[in-house]
Amino acid sequence: MDELITLLDENLICTGTDISSDFIYFFVTSTRKECVCPSCQSVSSRVHSHYNRNFQDLPIQDKKVVITLSNRKMFCDNPSCHRTTFAETFSFIDNKAKKTKRLKETILEVSLTQSSVSAAVYLSKHVVDVKKSTICNYQKKKHARNQ
């Protein structure tokens, strides 16, 4: 399972899985020794705490995928930085997002050919649990970025 998780980020390892009839749950953690503060770009290796972050990814073998990441909060040791702590970030998912970037792209691709209502029905049955309002929000954000 580590090979599947490292496709998202080479610094992640799978610590456990749980497979049910409809879902595959991955439990992952980061192996990075250091993280970069998003405000001042200082490197930190001091861990403040951990918290679990749940998000969805593309399905595997017609099973929906949920990933639980043990995310770290780090101390920023730069005295001139306005942050004292920051969360570890990853390129495959936006801050506070509940779906990976590649899953969002798939949702947008499906919604291009049909209404958001029918796209939500199709996606919820085959790909990911998603509501019409979420699809509309993704479309608005994409449209705003392109202008």
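Buried means a relative accessible area under 20%, exposed means over 50%, and partly exposed lies in between, with a 1.4 Å probe and protein chains only. The model shown in these views is predicted, so local features need pLDDT of at least 70 and side-chain atom pairs count only at pLDDT 80 or more, while totals for chains, interfaces and linings use all residues. Residues are numbered from 1 along each chain as its sequence is written, and side-chain values use heavy atoms, with hydrogens and water left out.

**View 1. The stacked rings of F23 and Y25.** Rings of Phe, Tyr and Trp (its six-membered ring) pair if their centres lie within 6.5 Å, and the planes count as stacked under 30 degrees apart, as edge-to-face over 60, and as tilted for the rest. By this rule the model has 3 aromatic pairs. In the pair of F23 and Y25 the ring centres are 5.6 Å apart and the planes stand at 25°, so this pair is stacked. F23 counts as buried because its relative accessibility is 18%, whereas Y25, at 28%, counts as partly exposed.

**View 2. The tilted rings of F55 and F92.** The centres of these two rings lie 5.8 Å apart with the planes at 50°, so the pair is tilted. F55 belongs to strand β5 and F92 to the loop between β7 (85-87) and α2, so the pair ties together parts that are 37 residues apart in sequence; helices (H or I, at least four residues) and strands (E, at least two) are DSSP runs, numbered from the N terminus. Both F55 and F92 are buried, and ring pairs link F55, F90 and F92 into a cluster.

**View 3. The charged end of R46 over the ring of F75.** A charge sits over a ring if NZ of Lys or CZ of Arg is within 6 Å of the ring centre and within 35 degrees of the ring normal. Here the charged end of R46 is 4.3 Å from the centre of the F75 ring.

View 4. Most residues other than glycine have a negative phi.

**View 5. The side chain of K64 and the backbone of S124.** K64 is placed in strand β6 and is buried, with a relative accessible area of 13%. A polar atom of the K64 side chain lies 2.5 Å from the backbone oxygen of S124.

**View 6. The largest pocket.** A pocket is an open set of points on a 1 Å grid over the protein atoms alone, with protein on both sides within 12 Å along at least five of seven lines, and its lining residues have an atom within 4 Å of a point. The largest pocket has a volume of about 250 Å³, where a volume is the space filled by probe spheres set on the points. Its lining includes D94, Y138 and R145, and α2 (101-111) and α4 (132-146) each supply at least two of the lining residues.

Terms used: On a 1 Å grid over the protein atoms alone, a cavity is a set of points where a 1.4 Å probe fits but cannot get out, and a pocket is an open set with protein on both sides within 12 Å along at least five of seven lines; lining residues have an atom within 4 Å of a point. A polar contact is a pair of N or O atoms within 3.5 Å; within protein, one must be able to donate a hydrogen and the other to accept it, and residues adjacent in sequence count only if both atoms are side-chain atoms.
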